[in-house]
Amino acid sequence: MSNTPSDWGYSTRSVHAGEERQKAYKALVEPLVTTATYVFENTQELIEFKEAQLWGMQGKRAEYARYGMPTIAACEQRLAALENAQDAILTASGMSATMISLMALLGQDTHLIMTDDSYRRTRLFCQNFLPKFGVTVSVIPTGDLHALANAIQPNTRVYFTEFPTNPYLRLTDLSALAEFAKQKGVKTIIDSTFATPVNIRPLAYGIDLVVHSATKYLAGHNDVLAGVILGNSDLLASIRQVLWSFGAVADARGVYELLRGLKTLSLRVERQNENALTLARFLANHPKIEQVWYPLLENHPDYLLAQRYLHGGGGVVSFAVKGGLESASQFIDRVKIPFIAASLGGLESLIEQHVLMSYFDLSPEERTAQGMRENLVRMAVGIEDVQDLIADLDQALAGLA
Ligand SMILES: Cc1ncc(COP(=O)(O)O)c(C=O)c1O
């Protein structure tokens, strides 16, 4: 449970929330505790601990690292403060955050609705794995609340979408979604990885759970794998039980890096917002670019929702290079600053041709059927000087045949 003063601003929360002021050995920085198990002084202390039915991290003591430990507890409280959530659960990766949330809320003979534009691995998990446990899955167009109304069945338990989505950065009317889902008794989960709590806090609109790949913007330095689930305490208490059985808990050393990364979250994301918007505008006016997707460009299909919900458009820009698969590959091979790599949210700009990075195993026809254009480039903009990035993309586009 977050103990952050409600009047603290965003950067103050990023730096201080979740940490005790007086730390072990008078350390300034939250210490990294790496022990897997915790000592009881005597049998009486153990009995008192068990009688109180304490689990996880309780006050200053823990029992066993899979059930919680100090560095993780501090980081969970900071994340809860940033998202304005009652509680947070750290997990080993973004995928495990999604998987554990869904496994906790779904079961035999239940139904899940998710959206078509999304991280492919999440869709694969839902479509290929969940049916083994008796869950049926409907995939509907992102943001389409009529399609949602049509897809709902008496046993629908969960609606899952990203906000914005990967790679077309589509949005959903969160207030309308939450209201409709509540009427139908359906829990809503938003994967808010691309936005971060700097740009949107979906819980404020009535969404039940938020998940993030903390690997991305939250940790922010491309050197940690982690995930987080955020929501109200009751719901999270039941999800924690699932995590403790699956054991996909976050690694303490990674969480130490995550706590450090969070201190600069708003600085980094504000810069990435600015850089990405400037780049998106540059690309939108470039004769060798066919189309740009960025939520704060007026021609984005969800521009009005972006204006209503988003503080900033985030650090990802997707665009189609004129001329098809080959031209996009040539362009990517000519850029000098962004690295060709999967992922997003770090300090370095990354660039990828989406069908090759994430849909390589599919035929061109199958990719098209999934809405993936052969010439689609996804750029995760870093914190470099934007004029350098523009000059780099410009020279790469100028060299195209
Ligand atoms: C939107 C989104 N959600 C979840 C994930 C999975 O996160 P992780 O790689 O931390 O498991 C990713 C990873 O790329 C992602 O882009």
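## About the model

The model is predicted, so local features need pLDDT of at least 70 and side-chain atom pairs count only at pLDDT 80 or more, while totals for chains, interfaces and linings use all residues. Residue numbers start from 1 along each chain, following the sequence as written.

## The sheet

Let's start with the open sheet: 7 strands in the order β3-β9-β8-β7-β6-β4-β5, with mixed pairing. Strands here are DSSP runs of E with at least two residues, helices are runs of H or I with at least four, and both are numbered from the N terminus. Two strands count as paired if DSSP finds at least two bridges between them. At the edges sit β3 (87–91) and β5 (135–140), each pairing on one side only. On average, neighbouring strands are turned by 20° against each other, direction ignored. For the angles in this report, axes are lines fitted to C-alpha atoms (for helices, over the stretch in contact), and angles run from 0 to 180 degrees between N-to-C directions.

## Strand β8 and its partners

Which way do β7 and β8 run relative to each other, parallel or antiparallel? Strand β7 (residues 187–191) runs parallel to strand β8 (residues 209–213), with 3 bridges joining them. Asp191 has Val211 in β8 as its bridge partner. With β9, β8 pairs in the antiparallel sense over 5 bridges, and Val210 is bridged to Leu230 in β9.

As for burial, 5 of the 5 residues of β8 are buried, so the strand is largely enclosed by the rest of the structure. Buried means 20 or more other C-beta atoms within 10 Å of the residue's own; exposed means 12 or fewer, partly exposed is in between, and C-beta atoms are placed from the backbone. In a regular strand, side chains alternate between the two faces of the sheet. Both faces of β8 are covered, with Leu209, Val211 and Ser213 on one side and Val210 and His212 on the other.

## Helix α4, across the sheet and against α9

Helix α4 (residues 94–105) lies across β3, β4 (110–115), β6 (156–162), β7, β8 and β9 (227–231), at about 40° to β9. α4 also packs with helix α9 (residues 233–246) at an angle of about 115°, their axes 9 Å apart. Ile100, Ser101, Met103 and Ala104 of α4 meet Ser238, Ile239, Val242, Leu243 and Phe246 of α9; contact means C-beta atoms, placed from the backbone, within 7 Å.

## Helices α3 and α10

Helix α3 (residues 70–83) and helix α10 (residues 252–262) bring their axes within 9 Å, crossing at roughly 35°. On the α3 side, Thr71, Ile72, Ala74, Cys75 and Arg78 take part, meeting Ala252, Val255, Tyr256, Leu258, Leu259 and Leu262 of α10.

## Helix α11

Helix α11 (residues 265–284) has 20 residues and spans 28 Å from first C-alpha to last, close to the 28 Å expected at 1.5 Å a residue (the expected span is 1.5 Å times one less than the number of residues). Its buried residues include Leu265, Arg268, Asn273 and Leu283. The buried residues of α11 pack against α1 (10–16), α8 (196–199), α10, β10 (289–293), β11 (316–321) and α16 (386–398).

## A look at Gln127

Gln127 is found in helix α5 (residues 120–129). Gln127 is partly exposed, with 13 other C-beta atoms within 10 Å. Ser138 is 11 residues away along the chain, and the C-alpha atoms of Gln127 and Ser138 are separated by 8.5 Å.

Terms used. Contact = placed C-beta atoms within 7 Å.
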